[in-house]
Amino acid sequence: MTRGDGLEPRGDTTPRLRASWRRSARYGVPDDEVKPVFTATVDTGSLLFECGNEVLRGLHATLADEPISLMLTDSEGLVLSRLCGDPGMTRSLDRVHLAPGFSYAESNAGTNGLALALADRTPSLVRAGEHYCTSLRGYTCAAVPVLDPITGALAGSVNLTTWSEQSSGLLLALAQTAAGHTSSLMLARASDRRPRPAPRGEVFRVYADRIDPPELSAAWQHALLEAMDTMGRGRTVAVVGEPGVGKTALAALARRELHPRERVLNARPPAPDDVDAWLAMWAPEVGKADTCVIVSGVDALPAWAAGELAARFTGHPTGFVLTATDSAAIPQPLLSFVDTVVELPPLRLRPDDILPLAHHFAHRARGRAVSFTPAATRALATHDWPENAKQLRRVVAEAAARADTVDTHHLPPEVFTTTGHRLSRLQAMERDEIVRCLAQPGATVVRAAAELGMGRATIYRKMAQYGIKNRQLRS
């Protein structure tokens, strides 16, 4: 038996909680018995698991005598680990399958703390009768999402569960502290890369570039023409691809080609607490003549915000474009508006675009044409650009600010390495020093080894470890 869409939690509940109940009903979740999906194996080798478990073990040591269960989940709601020192609480949680290997996503278990935190990407407290399933109403759950500190992607959640009659005043604060410490520990152990800034929900106008866009590869042109064809027929497009690949740029260029005098706005996803203000800022622009809104990163929107956004789009079949990392990640309420999904391949699959974009970005940053030496050209062309065009733009702009002719010593060490794993800060410093020595005029591996105080075999091993491509460092 399941509740109909018209039934909602009783009492003074939030719009987020009511939206979660409605989603639970649409998923067909039973209201009398929780039946989560079981997965035989969980990923115990991830950075989230390593750091989250370390943080929760420390917190558990201070709560050993309290009837509180501490859990870590992945981004899909799969419980990865559970710590609990109270035998009665442990047995009770086992009966409702709130244990490692079981998925407590909304689609499996209805409204609950960790599912709501993951769906809306914001700290969530679900008390007793606010749970959709009656078998969970003996608990109060506080959960906080954990974001990857480098990419900003949803990594998982920290969930604290206690009996419903217990005081919940500090439960959410404890969960927030644990999630924050987990993210900080992940950053410390990840690499020397800069953390991704928190979303601010910027809304800005996209102006035509003062420099003509470069002629790019067939893969780019195919995606552009596909987007233009769909837009020209009055249909809605979603542009998908990896972060930094140029989805918004492609969507804006397609609109400008079709409607040169049109005003194009780009609305970037906000922090969960700022959704109302974000919607009020730009949503009235949808449906206005000669105005198009590109809503970027809809896969990062809280679930309830996606529903609110869909309501604003109703009645306005054109005049907006969506972007996301993947078509499967587009929230269901918004997916119904999409007529065509245009996939923009990553830069590593469009090697012919690297040099034209490099010249374009350099000209835009410097204000005049910038050239590249053969060695710098070779380094740029053969790098795999894991952060795509966004990374290329940053690297080239910094190099072009230093010279009208860019050589290898103007480029950062990251361009000369292909390591597929995270580096500690110490490893990154060591890599940078090796690259610096090898990039000097007339440098050889023997000279670099002498300068660094390493044996030749050691430096060759380090070069292999960090993926340093020595031939690219030679002018």
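1. Two strands are taken to pair if DSSP finds at least two bridges between them. The model discussed here is predicted. With that criterion in place, β6 and β8 (residues 263-267) form an antiparallel pair with three bridges. Within this pairing, F204 is positioned opposite N266 of β8.

2. The sheet to which these strands belong is open and has six strands, ordered β6-β8-β9-β10-β7-β11. Its pairing is mixed. At the edges stand β6 (203-205) and β11, each of which pairs on one side only. Between neighbouring strands of this sheet the average turn is 20 degrees, with direction ignored.

3. A further open sheet comprises five strands in the order β2-β1-β5-β4-β3, and its pairing is antiparallel. Its edge strands, β2 (79-84) and β3 (124-127), have a single partner strand each, so one side of each remains without a neighbour in the sheet. From one strand to the next, the twist averages 15 degrees.

4. How many cavities of 30 Å³ or more does a search of the whole structure find? The search returns one. The volume of the largest cavity is about 40 Å³. Its lining consists of L98, Y104, N112, L114, H131, L136, Y139, C141, N159 and T161. The elements contributing two or more residues to that lining are β4 (139-147) and β5 (154-163). Classified by residue type, the lining holds six nonpolar and four polar residues, with no charged ones.

5. Salt bridges form the last topic. A search of the whole structure identifies 17 of them. In one, E242 is joined to R348, with the closest N and O atoms 2.5 Å apart. This pair connects distant parts of the chain, its members being 106 residues apart. E242 belongs to the loop between β7 (237-240) and α8 (247-258), while R348 is found in the loop between β11 (340-343) and α12 (354-366).

Notes
Residues are numbered from 1 along each chain as its sequence is written. This is a predicted model: local features need pLDDT of at least 70, side-chain atom pairs count only at pLDDT 80 or more; totals for chains, interfaces and linings use all residues. Side-chain values use heavy atoms; hydrogens and water are left out. On a 1 Å grid over the protein atoms alone, a cavity is a set of points where a 1.4 Å probe fits but cannot get out, and a pocket is an open set with protein on both sides within 12 Å along at least five of seven lines; lining residues have an atom within 4 Å of a point. Grid points are joined across faces, edges and corners, and a volume is the space filled by probe spheres set on the points. Helices (H or I, at least four residues) and strands (E, at least two) are DSSP runs, numbered from the N terminus. Ala, Val, Leu, Ile, Met, Phe, Trp, Tyr, Cys and Pro count as nonpolar, Asp, Glu, Lys and Arg as charged, and the others, Gly among them, as polar. Axes are lines fitted to C-alpha atoms, for helices over the stretch in contact, and angles run from 0 to 180 degrees between N-to-C directions. A salt bridge is a side-chain nitrogen of Lys or Arg within 4 Å of a carboxyl oxygen of Asp or Glu.
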